Structure formats: C-alpha cells, structure tokens
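Biologist: I would like to learn how to read a protein model. Could we go through it feature by feature?

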Amino acid sequence: MRPPKRPIQVVTTWVRRQPPKVKAFLAVVAGMTALVLLRFIVHDHDNLFVAAEAVHSIGISVLIYKLMKEKTCAGLSLKTQELTAMFLAVRLYCSFVMEYDIHTVLDLATLATTLWVIYMIRFKLKSSYMEDKDNFALYYVAAPCAVLALLIHPSTSHNLLNRILWAFCVYLEAVSVLPQLRVMQNTKIVEPFTAHYVFALGVARFLSCAHWVLQVLDTRGHLLVALGYGLWPSMVLISEIVQTFILADFCYYYVKSVFGGQLVLRLPSGVV
C-alpha cells in the first residue's frame, strides 16, 4: 500500500498538469496575494528594498561558503558574477553622486564580496570552472541594455551621463542572472549551494519588485511622476517585473525540491 502523498506533492502534481495559461494565471494570483500580504505586514515599504539587498548579500554569502568549503566553483556562472559586479559598480557610482544613503553601503558590501567570488573563480578555482557550460555571450546582454539606456533614461535634473548610467544599471540588473540560468539549463542538475544562491536572487528580485509596486500604490502614482516623464517610469517597473518572472520558474522547482526532501535539484527539459 502506497503512503499518502504530502499536501505539497498533491498541489505541485496538480499545477504541473495544468496548461501554460492556467499556470501563468496561478503565478499572477500568487504574486498578487503575496503583494497584498506584504502591504499589510510591512508598514514601511522602503524596508522591502533594504531586505532585497540583504537577501542578495545572503545569496553571495552562500556562494562564499560553497567556494571555501567545497573548493569548487562547478555550476557557477562567472559571467553572471561579472554582470553583477558591473551593475553594482555603476549603481554605486550613481549612489555617490546622486543619492548617498544606506543602499550605498549595502551595494558596497555586495560589490566587494562579488569581486571576491570572481577572483576565486578566475584564479584559485579555475580548474573546476565549467567554461564550456557558461556559454552565454555577455554582449547579448550588455549591448541592448546600453542602447536602451541611451534611448530611455530618467528625466531628472542630474547630469545626462549619470542618468544614462543609472538607467543602464537598472536594465542590466534585470537580466544579469541569464548566464547562470544558461549554465543550469546546460547541466540540468543544480547542486544545493548554487540552488540556494539562485533562489536567494529570486527572493531578492521579488522583494525589490514588491517595493516599487507598493510605493506606486501608496503614493497613488505620484512616485512615477517623481521619477520623471516619458517611458522611464514604466521601464523601471517593467525591469523589476522582468527580473522576478525570469527566476519564477526556477523558484517553483526549488520549493518543490525542498519540500520533496531532495538535496540536488533536477530541472526538467524546457525550464529556464
């Protein structure tokens, strides 16, 4: 006699059998429900942005633990780390010249740890780096973001170059995880520490997206006016939403794997 299935297994099995349109609808409903809960639970929605950066830092800390304990960088994308360092460096510069605050300190700490991870992958643990799997061309990401930043950027009173750089880091952050997803797509099997890191990125992206959406709702749209006119305010929100949905599929399989008691995450074909 088979043991009864856990509730989470019943739910995941039912969701997996649904057509793509139903899955998309369920994802939207789940996201809206989470936003409503956050709106009532978190009174100061600025804390969500700080929490997003803190969770990102935790994800980097997981990577550091992996590199120091296991002495291997297998399964990690060097290109994602380089893109992360790039948008953090640009955002850090913009923070210094435009709006120095607590986010500047958090970005500085995250950039320092990201540079250390890059150093470890490039030099100390180079023999375990899966270069053949990390085959996502950086110019496919960086070049469109640069062009988009030239065309659509803030219309504030700051220097034009600074406004373009600000837009560039927003767009680049939205797609910086794509090389890591390509590595996981190529290997199909994701070991625990890498899975924890990518899941932390997914949570951080969602919290950041929730921060912007709730801020717009709280100010009844006045925040969009404060960001400037034209397409820029909409592009900020779109970038945040894109970041969240890029990782949503992976996060679903991560949660399913954790509740299923699996230490190694196996991704089916077509995921990421």
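Biologist: How many salt bridges does the structure hold?

Modeller: It holds five salt bridges. Keep in mind that this is a predicted model. A salt bridge is called when a side-chain nitrogen of Lys or Arg is within 4 Å of a carboxyl oxygen of Asp or Glu.

Biologist: Which side chains meet at 3.8 Å, N to O?

Modeller: Those of K66 and E70. Both residues lie in helix α3, four residues apart, which is about one turn of the helix.

Biologist: Is K66 buried or exposed?

Modeller: Buried means under 20% relative accessible area. K66 has a relative accessible area of 1%, so K66 is buried.

Biologist: What salt bridge does D107 form?

Modeller: D107 pairs with R91, and the closest N and O atoms are 2.9 Å apart. D107 lies in helix α5 and R91 in helix α4, so this pair ties together parts that are 16 residues apart in sequence. Both D107 and R91 are buried.

Biologist: Which side chain meets R122 in a salt bridge?

Modeller: That of E82, at 2.6 Å from N to O. R122 lies in helix α5 (residues 102-124) and E82 in helix α4, so the pair ties together parts that are 40 residues apart in sequence. For cover, compare each value with the cut-off. R122 has 41% relative accessibility, so R122 counts as partly exposed. E82 has 18%, so E82 counts as buried.

Biologist: Now the surface. Which residues make the nonpolar surface patch?

Modeller: Y93, F96 and V97 make a patch of about 290 Å². Patch residues need over 30% relative accessible area and no salt bridge. Take V97 as one case. V97 lies in helix α4, which spans residues 78-98. V97 counts as partly exposed because its relative accessibility is 42%.

Biologist: Let us turn to helix packing. How are two packed helices described?

Modeller: By the angle between their axes and the distance between the axes. Here, take helix α6 (residues 139-151) and helix α7 (residues 160-175). Their axes come within 8 Å and cross at roughly 140°. That angle makes α6 oblique to α7. Angles over 145 degrees would count as roughly antiparallel.

Biologist: What is the handedness of the crossing where α6 passes α7?

Modeller: The crossing is right-handed.

Biologist: Which residues of helix α8 are buried?

Modeller: In α8 (residues 178-187), P179, Q180, L181, V183 and M184 are buried.

Biologist: What follows α8?

Modeller: K188 follows α8, and its phi is positive, near 70°.

Biologist: What is the phi of K71?

Modeller: The phi of K71 is positive too, about 55°, although K71 is not a glycine. To place K71, look at the loop between α3 (46-70) and α4.

Biologist: Is K71 buried or exposed?

Modeller: The cut-off for exposed is over 50% relative accessible area. K71 has 57% relative accessibility, so K71 counts as exposed.

Technical notes. Residues numbered from 1 in each chain as written. Predicted model: local features only at pLDDT ≥ 70, side-chain atom pairs only at ≥ 80, totals over all residues. Heavy atoms only, no water. Patch = residues over 30% accessible without salt bridge, like charges linked within 9 Å, V, L, I, M, F, W, Y side chains within 5 Å. Areas by Shrake-Rupley, 256 points an atom, 1.4 Å probe, with all protein chains shown as cover. Helix = DSSP H or I, 4+ residues; strand = E, 2+ residues; numbered from the N terminus. Buried < 20%, exposed > 50% of the residue type's maximum accessible area, 1.4 Å probe, protein only. Axes fitted to C-alpha atoms, helices over the stretch in contact; angles between N-to-C directions. Parallel < 35°, antiparallel > 145°, perpendicular 65-115°, else oblique. Left-handed = near helix turned anticlockwise from the far one by under 90°.
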